[in-house]
Structures are given as structure tokens and as C-alpha cells.
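Hi there,

Here is the structure I promised to pass on.

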Amino acid sequence: MKIQTVKMNNKRKAFEVKTSAGVYVFPYIKTKPAPGSADPAVRVYVDKEIASEGFSYELKSGKTGTVHVDQVLEYNREPNYLRDLLLYKLTLEAQKRMASQQLAKREIIRRLGTSATHLYRLLDQTNYKKSVDQLVSLLQVLNCQVDLVVRAKRA
């Protein structure tokens, strides 16, 4: 996801980040080095060196920092980002289980009732068009128990 614009909001002590998905707030306190009253941010810009997927800022002291869009999305608990993160983690677990599995790939494909191409798509961590359901099915075939735990957010 690309950042379109970024602004400093000293009243809220946060950066306002605009993307195609919306406007997100990222507090100064979550950055390193963090802007403050003794060393305020004097300049902020969308960083083209990281393909507009982040922004950089400069403090009065000359120190600089960079924030990636993933940090902003994670802080704001953006649902699509969190879904993709879950898919990524499940895919890495499936890859790890496949590597240690003694079951033949053909047998896994047969048990899933799918094709070899589809199995490789499921194991591709850059593919976000798959569903959590498909990965859970694969993990079940790989003799894993998958439990979903729902907890209240921590403060």
C-alpha cells in the first residue's frame, strides 16, 4: 500500500497518513527518535526511496526517522492488513509443516481434493487471494490442530 500524503499534527502529537484506504493517525511516541517539545519534527515527507510505502521525518536536532506503512496499519488495527498478516503466519506454518512432513505431496493433494498448482498457491506467502479456510484445511491434512483464540484487546 502506498502513502499518498503525510502531515504533522502537533496538537494531537501524531502524524496523519493518507493512503488509498483512508487516513490513519500514527502517534509521535511510537516513532524512534520520537519528536517532542524539546526536539520537534520540522519536516515530514513521503519517502520515495522506499517506493512511497513509508514516510520519513526530520527533527530540529537533525535526527531523522522512517516509518513504514505496515507500522501505521498495525497500530490502527486495519482489518485487511490484519487478515493478510494472519494468512502470512498460517502460510509460513504450513510451509514449515510441509518441510517436516513425511506424507508425499501427491497424497496431500489427494486429501485436499485439489491440484498441485493450487497447493503451491496455498504455500506461496505472497499470495493473499487464498482464504483462511483453505489454509486451515491444509494444516488439518498436515496433521495439525488449529485453534482460534479470541481475546479482549490489551490497553
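This is a predicted model: local features need pLDDT of at least 70, side-chain atom pairs count only at pLDDT 80 or more; totals for chains, interfaces and linings use all residues.

Let's begin with the fold. The protein has six strands and five helices, and along the sequence they run in the order β-β-β-β-β-β-α-α-α-α-α. Among contacts between residues at least 6 apart in sequence, 45% link residues at least 24 apart.

As for overall dimensions, the C-alpha trace spans about 65 × 35 × 25 Å along its principal axes. The radius of gyration is 21 Å, whereas a compact globule of 155 residues would come out near 15 Å. The accessible surface is about 10,400 Å², with 49% of that belonging to carbon and sulfur atoms.

Now to the inside. Of the 155 residues, 32% count as buried. In soluble globular proteins, nonpolar side chains tend to be buried together. Here the largest nonpolar core holds 18 residues, and the members touching the most others are V6, F15, F55, Y57 and V72. At least two residues of this core come from each of β1 (3–9), β2 (14–19), β3 (22–27), β4 (41–46), β5 (54–59) and α1 (69–75). A second, separate core has 15 residues, including I108, I109, L119 and V141.

Beyond its neighbours within four places in sequence, V6 contacts F15, E16, V17, V44, Y45, V46 and F55.

Finally, the charges: the protein carries 27 positive and 15 negative ones, and their mean positions lie 3 Å apart.

Best wishes

Notes: Residues are numbered from 1 along each chain as its sequence is written. Side-chain values use heavy atoms; hydrogens and water are left out. A nonpolar core is a set of buried Ala, Val, Leu, Ile, Met, Phe, Trp, Tyr and Cys residues joined through side-chain atoms within 4.5 Å. Buried means under 20% relative accessible area, exposed over 50%, partly exposed in between (1.4 Å probe, protein chains only). Helices (H or I, at least four residues) and strands (E, at least two) are DSSP runs, numbered from the N terminus. Contact means heavy atoms within 4.5 Å. The radius of gyration is taken over C-alpha atoms; the globule rule is 2.2 Å times the number of residues to the power 0.38. Accessible areas come from the Shrake-Rupley method with a 1.4 Å probe; for residues, only the protein chains shown count as cover. Lys and Arg count as positive and Asp and Glu as negative; His and the chain ends are not counted. The place of a charge is taken as NZ of Lys, CZ of Arg, CG of Asp or CD of Glu.
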